[in-house]
4 protein chains.
Amino acid sequence: MGNQDVIGLAVIGAGYWGPNLVRNAQATPELHLRYLCDLDVEKAQRVLGQYSTVRATASLDEVLADPDVHAVAIATPAATHLPVALAALEAGKHVLVEKPLAANFEDGLKLVETAEQRGLTLMLDHTFAYTSSVQHLRKIIRGGELGDIQYIDSVRINLGLVQPDVDVLWDLAPHDLSIFEAILPDDVHPVEVAAHGSDPIGAGVACVGHLTVRLSNGAITHVHVNWLSPTKIRTMVIGGSQRTVVWDDNNPAQRLSIYDRGVDKSPEQQKISYRTGDMVAPALVEREALRTMMAEFAASITEKRAPLTDGRAGLRVLAVLEAASESLRAGGVFVPVQQVEGKVS
Amino acid sequence: MGNQDVIGLAVIGAGYWGPNLVRNAQATPELHLRYLCDLDVEKAQRVLGQYSTVRATASLDEVLADPDVHAVAIATPAATHLPVALAALEAGKHVLVEKPLAANFEDGLKLVETAEQRGLTLMLDHTFAYTSSVQHLRKIIRGGELGDIQYIDSVRINLGLVQPDVDVLWDLAPHDLSIFEAILPDDVHPVEVAAHGSDPIGAGVACVGHLTVRLSNGAITHVHVNWLSPTKIRTMVIGGSQRTVVWDDNNPAQRLSIYDRGVDKSPEQQKISYRTGDMVAPALVEREALRTMMAEFAASITEKRAPLTDGRAGLRVLAVLEAASESLRAGGVFVPVQQVEGKVS
Amino acid sequence: MGNQDVIGLAVIGAGYWGPNLVRNAQATPELHLRYLCDLDVEKAQRVLGQYSTVRATASLDEVLADPDVHAVAIATPAATHLPVALAALEAGKHVLVEKPLAANFEDGLKLVETAEQRGLTLMLDHTFAYTSSVQHLRKIIRGGELGDIQYIDSVRINLGLVQPDVDVLWDLAPHDLSIFEAILPDDVHPVEVAAHGSDPIGAGVACVGHLTVRLSNGAITHVHVNWLSPTKIRTMVIGGSQRTVVWDDNNPAQRLSIYDRGVDKSPEQQKISYRTGDMVAPALVEREALRTMMAEFAASITEKRAPLTDGRAGLRVLAVLEAASESLRAGGVFVPVQQVEGKVS
Amino acid sequence: MGNQDVIGLAVIGAGYWGPNLVRNAQATPELHLRYLCDLDVEKAQRVLGQYSTVRATASLDEVLADPDVHAVAIATPAATHLPVALAALEAGKHVLVEKPLAANFEDGLKLVETAEQRGLTLMLDHTFAYTSSVQHLRKIIRGGELGDIQYIDSVRINLGLVQPDVDVLWDLAPHDLSIFEAILPDDVHPVEVAAHGSDPIGAGVACVGHLTVRLSNGAITHVHVNWLSPTKIRTMVIGGSQRTVVWDDNNPAQRLSIYDRGVDKSPEQQKISYRTGDMVAPALVEREALRTMMAEFAASITEKRAPLTDGRAGLRVLAVLEAASESLRAGGVFVPVQQVEGKVS
């Protein structure tokens with residue numbers, strides 16, 4: 001892999017998210033950042049600042065032609081993911097791409113298949129999957145500590161950048177769907193989805209969205225995404241038969257509260273019983289999720305294995321989003337979700 | 001009205017809620033509690049305790065025949081509301097009844113019509129409507145301080161007493177629906193409702209429920225009710241074009257947080273702008289809502305006027321519940337809500 | 001003990017606290033409330049209400065002469081505790097008395113000795129000692145789970161009723177001192193105290209007070225009591241070598257947060273090491289502390305044993321308060337605390 | 001000032017704090033970072049990373065001899081502040097120095113006088129003074145919105161790096177003292193201080209400290225600093241005659257809660273009255289305080305004026321610390337604080 005086994009990297013896109021990729025790539029010893037590429041090269045230079053030895057360029061061709069670039073991280077608008085990522089894969093580069101993987105399921109599938117055919121890493125920047133919170137949830141839920149998942153309720157009210165071509169579901173729900181993907185056991189997955197939306201400010205697209213996702217075990221997960229309030233709320237309640245988790249991402253001192261409480265029903269007696277126990281807030285290491293994500297990107301390339309959030313994970317998120325859009329058009333009926341095999345365990 | 005204009009009262013039902021009515025009736029100077037009536041007279045006596053001069057009885061007939069009883073407060077199971085309330089109204093007694101008003105819309109309508117024909121007060125114990133929080137919200141929302149209501153999101157996760165004949169929607173959603181009834185402007189009301197439910201513990205009825213209520217102004221309100229967690233959550237987010245309210249009823253020191261923040265769209269520019277301002281937590285008087293409710297019951301009788309939560313308010317809540325049940329049976333499609341005129345302003 | 005082994009009780013004082021004693025005495029099956037006694041008999045009657053069979057009286061003599069009264073609960077001003085309690089003890093009645101035990105150490109000692117000579121229960125209404133929070137703290141601290149107590153920091157900012165003859169230390173600090181008494185191990189007790197105070201509103205007595213109490217193990221406990229803010233704060237941080245507790249009494253959903261974190265020093269290496277572990281919020285039963293206190297009063301009488309908060313506990317609190325007052329007069333120097341033997345384990 | 005009026009800067013010290021200065025200096029357009037200087041040049045190089053054009057050096061002489069270096073930012077141990085800062089001032093460089101200004105008042109005074117004689121900026125990195133919270137408090141307290149300051153109570157429990165030559169008072173209390181310096185009106189300042197400390201782990205210095213600072217208006221401020229818990233607490237309550245502020249720095253969503261509540265005493269009536277009003281949490285811009293601090297450093301150099309946290313502010317903090325140490329040695333008696341004129345308004 002060239003000089004000293006360090007992976008040469010280029011970041012494509014110097015907009016909202018690109019600077020975060022630049023900063024975290026520079027802090028990852030296994031990566032060597034060579035380019036920041038943006039059509040607006042002055043913007044790329046401003047992001048790099050006056051003290052940097054990294055090159056700014058407006059030419060994607062130049063980047064892809066450089067044999068010292070082994071991988072690219074793409075932070076351009078969703079509509080451009082297909083051509084940019086495809087060009088990179090065809091040039092033999094590993095690809096990290098912002099969510100959503102592509103503008104639709106078909107395009108996403110093309111990227112997945114291309115990467116698989118060429119033996120290249122295709123990874124989604126599902127940032128939340130790399131937070132300490134989600135990694136802890138993944139461990140305890142897949143480890144069985146919560147018991148059966150009975151419901152999930154997520155509220156994500158977030159300052160959004162309203163755009164005429166993407167609705168709030170496509171903008172914010174990928175966070176929740178990628179979290180579900182990361183934390184649920186292998187045998188529990190979305191099977192059908194119903195969506196409601198509203199546009200009280202006349203933006204032309206839904207600014208308030210509700211997703212009801214029925215899982216394969218019968219449980220309902222609900223996601224409320226919302227652009228219309230600068231008051232940020234990011235809470236998720238995960239109810240299990242053994243424990244209940246309340247996740248408040250706005251409370252860094254106590255993001256996760258795990259209640260050792262459950263509800264049982266004894267079939268003979270037709271009676272519900274509640275157990276009441278202590279609450280535990282696990283000690284979580286506060287670190288930047290993007291740094292963990294960058295390390296996983298590098299490791300998956302070096303170890304020639306699928307990353308935790310691989311292209312198929314991105315495809316599964318796309319499948320739910322497409323079903324949600326169809327449900328929205330059809331007035332909220334449940335629409336089945338296309339299944340994508342091959343979950344990384 | 002007999003002796004010194006004090007209203008003679010009987011409480012019917014000494015179960016879960018009855019003792020609260022007994023205690024608050026005794027603390028209301030305009031009322032004189034004469035009976036606590038329950039088929040299990042020993043239970044009634046235990047509720048009254050050994051220091052009380054109030055009479056326990058098992059006979060509803062005895063209560064209704066007593067001319068010094070001018071009003072009854074009914075805290076019996078929902079299925080019995082129709083016969084008990086009807087008997088009381090026909091005996092010329094004013095009636096306060098637990099939510100829901102009756103087991104179905106038709107029964108509820110019969111009670112409303114009977115009370116109106118006889119000129120008697122029929123009042124719902126929509127307790128939340130008498131909390132300081134709801135009264136403050138009612139004032140600022142109907143007064144226009146929030147601007148247009150853009151969305152409401154309510155989460156009510158509560159220890160429930162699972163019963164085979166009532167699902168979680170009928171048990172808990174009346175709280176949210178009666179709150180909407182109390183706080184929304186006169187020209188904003190539910191027009192259609194979609195409902196989803198699940199029963200992950202095999203209780204025979206939905207234990208997790210999601211209501212999506214579309215209001216007449218196009219806004220979506222969403223209610224998540226849930227019996228399956230002993231971890232109590234009672235939050236409501238109310239988004240307005242001028243302000244956003246976060247109501248956390250588990251935080252007595254700061255139940256209401258009113259953010260002076262809004263979102264605007266200038267049609268020409270297709271651009272969204274956010275305003276960011278301070279948050280105000282209004283000083284609310286902590287007092288027992290039931291006491292305020294009892295005072296309103298007494299006042300509506302004395303002043304011969306409809307109480308804030310009159311029979312028609314109860315009927316409107318029933319209309320949404322019936323539409324929700326129909327949607328649940330039909331797989332979650334939107335079902336129109338029967339309209340009931342005559343909202344008390 | 002008369003009829004059916006039930007303890008006949010009279011409450012003396014119908015002011016601020018008396019009604020709480022009346023209510024909780026009535027809810028305690030082992031007690032039978034016979035009188036509420038107040039010089040203002042109409043006030044006593046108002047407290048009892050119109051539905052009660054309990055007698056109101058203005059005559060302490062009448063109460064003490066009644067052989068069916070076996071015990072009295074005294075909620076009169078501190079200056080009257082000596083004569084009222086002494087009269088009761090001399091009439092052979094068991095005594096429950098509001099904190100502080102008496103207006104000074106000498107008077108308190110007289111009550112303790114009188115009760116002990118006559119074999120009567122003398123109990124302090126140290127209400128906090130009967131909360132679930134303090135009972136949990138008592139269990140884990142005396143059980144060694146926190147390790148060595150290294151510091152305690154208490155802030156009690158409370159709406160106070162400023163009175164010209166009692167300063168904020170005598171009004172509020174008894175709560176903290178009685179909590180220390182309840183939770184500290186038998187071999188850890190106050191040995192000296194320094195006090196500072198200020199009176200920024202010219203009330204004539206200290207309205208802001210700081211107590212620094214040095215314990216027998218060398219640790220410092222600090223208490224900040226304050227009348228000058230209607231914003232109530234009641235937090236206590238208890239640092240142990242194994243765990244740290246943060247107690248926020250204004251947060252009923254999570255009063256106690258117990259951090260499994262400690263600090264160690266290895267003497268050879270002159271190095272400090274920190275352990276970081278999870279936080280546990282124990283499930284506490286929410287019940288009225290006064291009810292538990294009343295049950296303990298009844299049990300101590302029936303079982304002829306010292307109650308948890310006996311007269312000597314009250315005397316130890318008085319000893320710290322007197323030393324604090326002396327320190328305050330002397331400009332804040334440390335003043336030794338008079339020791340009182342005989343702690344109830 | 002050389003090339004394009006940009007101020008050439010060197011950071012001295014690549015330890016705990018230096019990297020923060022490096023990062024924020026690079027983000028400040030008015031500054032040009034030329035060197036990071038540390039005796040351990042490899043450490044300096046590691047801090048700069050592999051993408052930087054800034055020079056690492058081990059030679060302070062080289063830095064001070066470079067005419068393109070106009071200013072230095074010193075983040076070395078307190079004991080070295082005098083020689084390093086003095087050398088820089090004597091070389092004609094402006095100086096930014098970590099708190100505390102020097103190891104004792106006398107050394108600090110020497111630095112202040114040298115800077116003043118040479119017309120150079122001497123600035124303290126009192127970081128908290130540049131947070132949005134303190135700047136808001138400064139505005140409303142000095143603007144009179146709180147009324148008279150009646151008390152301040154600060155708790156700062158913080159993971160500390162225990163060192164045998166600095167106690168917890170000198171390590172942590174400078175934060176509180178510099179905050180008081182920033183927010184108090186010009187005519188309210190510390191006049192005497194009493195200090196208590198304890199060392200429950202045998203570290204050789206006080207690990208738990210209590211400062212009681214009497215202000216010139218008679219109010220008491222109290223500071224509890226503590227190394228012995230990894231559970232971080234940073235709360236400050238500021239009581240005014242018109243409003244009370246609760247500052248919880250661990251709650252980024254609501255750091256400041258300003259209660260429109262007060263307490264009054266009408267002298268004739270000997271009565272206290274409480275006003276209860278709303279609470280306001282002001283919208284604060286979240287930005288890194290160090291960036292604002294760097295901008296103030298640059299501006300004070302360019303505009304040839306004293307910065308907000310000038311040498312004299314640092315000297316006033318030293319004066320309180322010295323009095324505290326003396327009180328600690330003398331068993332907690334009040335010790336007068338040496339006054340330093342010339343507060344920046």
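This is a predicted model: local features need pLDDT of at least 70, side-chain atom pairs count only at pLDDT 80 or more; totals for chains, interfaces and linings use all residues.
I began by looking for salt bridges between chain D and chain C, and the count is zero.

The rule finds five residue pairs in polar contact across the interface of chain D and chain C, with both partners at pLDDT 80 or more.

I then asked which elements of chain D supply the side that touches chain C. Those giving two or more residues are β7 (149-157), β8 (190-198), β9 (208-215), β10 (220-226), β11 (233-240), β12 (244-248), β14 (262-266) and β15 (271-275) of chain D. β7(D) gives the most, with five residues. Sorted by class, this side of chain D has 23 nonpolar, 19 polar and five charged residues.

For the extent of the interface, I find about 3,800 Å² buried between chain D and chain C, and carbon and sulfur atoms give 65% of that area. Chain D brings 47 residues to the contact, and chain C brings 47 residues.

Then I turned to chain B and checked the length of helix α8 (residues 289-302). At 1.5 Å a residue, its 14 residues should span 20 Å, and the end C-alpha atoms are 20 Å apart, so the two agree.

Last entry: just after α8(B), I found Lys304(B) with a positive phi of about 50 degrees.

Conventions: Residues are numbered from 1 along each chain as its sequence is written. Chains are lettered from A and ligands numbered from 1 in the order in which they are written. Side-chain values use heavy atoms; hydrogens and water are left out. Helices (H or I, at least four residues) and strands (E, at least two) are DSSP runs, numbered from the N terminus. The expected span of a helix is 1.5 Å times one less than its number of residues. Contact means heavy atoms within 4.5 Å. Buried area is the accessible area (1.4 Å probe) that two parts lose on being put together, summed over both. A salt bridge is a side-chain nitrogen of Lys or Arg within 4 Å of a carboxyl oxygen of Asp or Glu. A polar contact is a pair of N or O atoms within 3.5 Å; within protein, one must be able to donate a hydrogen and the other to accept it, and residues adjacent in sequence count only if both atoms are side-chain atoms. Ala, Val, Leu, Ile, Met, Phe, Trp, Tyr, Cys and Pro count as nonpolar, Asp, Glu, Lys and Arg as charged, and the others, Gly among them, as polar.
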